Amino acid sequence: MSEGAEKMDEDPQYGGCEGPDATYVKLRSSDNHEFIVKREHALTSGTIRNMLSGPGQFKENETNEVTFKEIPSHVLQMVCMYFTYKVRYTNSSTEIPDFQIDPKVALELLMAANFLYC
Amino acid sequence: MSYRVVTGLCYFNFNLCCHQHCIGVWRCSTMEHDEERQRWMFAEHDERCENGENCVEPMNAKSPKLHRRVGHVAVKYKNFVVVWGGYEDDEQYDNNAYTREPYYHPADEVMLYDCEYEVWHGVRIHGDPPPRLCGATAGVIGDRMLLFGGFMEDRQLGTSNVRTVYELDLNKMAWKQIWADGVPPLACDKLVSWCYEGKFYLFGGFGPWPDDPGYYRDVRLAAHPGAMREDRCWNDQLVRLADGRWEWPETRGDRPTPRAAHAAALVGSRAYIFGGRLGNRLNDFYCLDLETMVWTKLEPSDPAAPVPAARSWHSLTALDDHGRLLLYGGFDALSQPLADPWIWSPSGQRWSPCTWLSEPPIRMWHAATPGEAGEVVLFGGLASSVLLDQPTYASGSVFLRETPKSLIRLCLDVLDANRETSVPLVWFTPSPLADGIIARLTACGSKPVV
């Protein structure tokens, strides 16, 4: 087989959650759901940025895990989706599409966004 | 659910959430729930409060008072935009005939736009206001807005250009006139300004031929050739107000010709000027380095690259600290209003058409300021040619974004769109976040969109 076809047979390689150069971080909700998102995306949140890069105050910057005792999973999931939307359309050269938010979640999401500074 | 909540003299604290942009505390009127119309509102005030406090009223985002204006000024101050002045056409029916007269917006009020919560407020101002003007220019130094020049049409005071400087203290919301030493600038309108290192710079303009031309030997003047206008001219004055004194700095390099209705933007220590009108409409592009006072004419590095058409009454806004600029709209050489946004890229030394909006609206003689990060907002202006008998005024602000809104703002939009269910929930929200939500929900009408 040609080289290209061989490469296609390999599993895609993802970065991990371990260590200071990890590509991914884990965000844990109050109801113990774990959301594994790209570190670059999570840094959209000013609060997470501080937690992950602060001078050792937070143990999060060693384990790349952040637990949010007050943010439930149905809200944290929307937050993660916002991170992707934000990164995708920053410096966008086209018109930015709307970000859909269920009105029932809007207030909780606002409080989470306020806390996360994003 | 019908209930009435009167919060008394509520201190409307703008130091909300974790943002440090505090403009101070304004005493507002009482906030009430209007059971009949089922909405929250500030109790209406027609005149100043008895104890002389400022009157702040939330404005409907669609109010014509906000958007029906041309020749106004708009400046960014902390997380707000201050909009003042300008005029619109007032149609009156008198003796079986319609007449159109320009109506100049009152000088003792400003429209304040909160960029984050997207809420407008009208604020009454104390002190000694300037005359009602169009075509003036303004800039912010610290907590003060300086206003120069402009054109007034007043039944009693007459029609004329002014060369006065007024200062609006943005903390106390009070006007006062500034008297400065030295040779004052020529009275004119449609000029540009910028503030650098505590100095207020002015450039260009259109106004009456000076009575005292001896003082202005270094200023080039170009007469307007029209029959009734021999006594008016374009100028290329470059003057700055520093510590209560007018200074006329010497410059070198490629000095731009006289012009008016041009546009300027400041990036760091460089002021950029584009186009304007000197008889014909121009599309030349200059940069003034405020450290060396050297003018440079900027040409795209690739001569075949597209450049914006010649225009006046457009806007130029800095996008970031690197020198990217956004040019919008204006009025072209064939007297047609324009709707094309362009972006100047300093690294590529070229103009490119801006694609952030799929259908950018026509705007001329509008004002543009940066909004939140990655956003430019256009206020007012015309959505048609100014030469029409009945020009079309802007019906709303225009937002140009290259970055998505913050999640806080997106949530506020959704809460705003679902007011019936949102309002009761606010009482379960911790203050001061609640204050921000209340601000947005009490502003009648939905978010400003074109």
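Reader: Across the interface of chain B and chain A, how many residue pairs are in polar contact?

Author: The model is predicted, and pairs are counted across this interface where both residues are at pLDDT 80 or more. The rule for salt bridges finds zero between chain B and chain A. For polar contact between the two chains, the number of residue pairs is seven.

Reader: Which helix gives the most to the side of chain B that touches chain A?

Author: Two helices of chain B, H2 (407-417) and H4 (433-442), each supply at least two residues of the side that touches chain A. With seven residues, the helix that gives the most to this side of chain B is H2(B).

Reader: On the side of chain B that touches chain A, how many residues are nonpolar?

Author: In this interface, 26 residues of chain B are in contact with 24 residues of chain A. Sorted by class, the side belonging to chain B has three charged and seven polar residues, and its nonpolar residues number 16.

Reader: What share of the area buried between chain B and chain A is on carbon and sulfur atoms?

Author: The two chains bury about 2,200 Å² between them. Of this area, the part on carbon and sulfur atoms is 71%.

Reader: How many strands does the secondary structure of chain B have?

Author: Chain B has 450 residues, of which 56% are buried. Among its contacts with a separation of 6 or more, 58% are between residues 24 or more positions apart. The secondary structure of chain B has four helices, and its strands come to 36.

Reader: Is B:Ser384 buried or exposed?

Author: B:Ser384 has its place in the loop between strands S35 (375-379) and S36 (398-401) of chain B. Leaving out residues up to four places away in sequence, B:Ser384 touches B:Pro337, B:Ile362, B:Met364, B:Pro391 and B:Thr392. Buried requires a relative accessible area under 20%. The value for B:Ser384 is 9%, so this residue is buried.

Reader: Which residue has its backbone nitrogen reached by the side chain of B:Ser384?

Author: B:Thr392 is one of the residues that B:Ser384 touches. At 2.8 Å, the side chain of B:Ser384 reaches the backbone nitrogen of B:Thr392.

Reader: Why is the pair of B:Tyr166 and B:Trp175 edge-to-face?

Author: Over all chains, the structure holds 27 aromatic pairs. In the pair of B:Tyr166 and B:Trp175, the ring centres are 6.4 Å apart, and both residues are buried. Planes over 60 degrees apart count as edge-to-face. The pair is therefore edge-to-face, the angle between its planes being 90 degrees.

Terms used. Residues numbered from 1 in each chain as written. Chains lettered and ligands numbered in written order. Predicted model: local features only at pLDDT ≥ 70, side-chain atom pairs only at ≥ 80, totals over all residues. Heavy atoms only, no water. Phe/Tyr/Trp six-rings, centres within 6.5 Å; stacked < 30°, edge-to-face > 60°. Buried < 20%, exposed > 50% of the residue type's maximum accessible area, 1.4 Å probe, protein only. Contact = heavy atoms within 4.5 Å. Buried area = accessible area lost by both parts, 1.4 Å probe. Salt bridge = Lys/Arg side-chain N within 4 Å of Asp/Glu carboxyl O. Polar contact = N/O pair within 3.5 Å; in protein donor to acceptor, adjacent residues only side chain to side chain. Nonpolar A, V, L, I, M, F, W, Y, C, P; charged D, E, K, R; others polar.
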